[in-house]
Amino acid sequence: MSLNKVILIGNVGKDPEVRYFDSGSAVANFPMATSERGYTLANGTVVPERTEWHNIVVRRDQVAFVEKWVKKGSGVYVEGKIRTRTYDDPSGSRRYITEIHADRVEFYNTGGGRREEGQRTSATATAGPQEGSFGMPSFQQPQAPRTSSFTETSDADDLPF
């Protein structure tokens, strides 16, 4: 396992920028925000929410997916490696840029919305393509009818997680 491997879950900050080269290869870049929730310490000190911005670089077969589906605000899971590069700006100062070179990019529900009291989600038992998150096709397997004898209650809404 590589020591510089990272996994990030967050939201895309702006639509990806995709560049194509004469060789037929392509690269996509986009900023991604990850946030740590704020909290209050036992002594009353308030620690505010903290957001970090990451530069994501995507190459090879992942570029087509990113170009077609990933948009500003998308919740994504990114797995990749940390790379730092340097350059000298016009004034002669050395600049450092840290990027995440993604090996894997997937959609992820970052849980931005909270479920309202009494609201339930249900699975549809169909086998054909349907519009999923972000207009992306998704497939659901048919489900066998339930035959258990217990009744479903809302006790799960009282769980602390």
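V12 stands opposite M32 in β3, one spot in a fold that comes from a predicted model. Local features here need pLDDT of at least 70, side-chain atom pairs count only at pLDDT 80 or more, and totals for chains, interfaces and linings use all residues. Residues are numbered from 1 along each chain as its sequence is written, and side-chain values use heavy atoms, with hydrogens and water left out.

Now the overall layout. The chain has 1 helix and 10 strands, counted as DSSP runs numbered from the N terminus (helices are H or I, at least four residues; strands are E, at least two). Along the sequence that reads β-β-β-β-β-β-α-β-β-β-β.

| Pair | Bridges | Direction |
|---|---|---|
| β1 and β7 | 7 bridges | antiparallel |
| β1 and β3 | 2 bridges | antiparallel |

In the β7 pairing, I7 stands opposite E79. I7 lies in β1 and counts as exposed because its relative accessibility is 52%. The cut-offs are under 20% relative accessible area for buried, over 50% for exposed, and partly exposed in between, using a 1.4 Å probe and protein chains only.

Skipping residues up to four places away in sequence, N4 touches G80, K81, I82 and R83, where contact means heavy atoms within 4.5 Å. N4 and R83 sit 79 residues apart in sequence but 8.4 Å apart in space, C-alpha to C-alpha.

And the inside? The largest nonpolar core has 19 residues, with F30, M32, I56, V58, V66, V76 and V78 touching the most other members. Elements giving two or more residues to this core include β1 (5-12), β3 (26-36) and α1 (62-69). A core is a set of buried Ala, Val, Leu, Ile, Met, Phe, Trp, Tyr and Cys residues joined through side-chain atoms within 4.5 Å. Beyond its neighbours within four places in sequence, V58 contacts residues including A28, F30, V66 and V105.

Technical notes
Two strands pair if DSSP finds at least two bridges between them.
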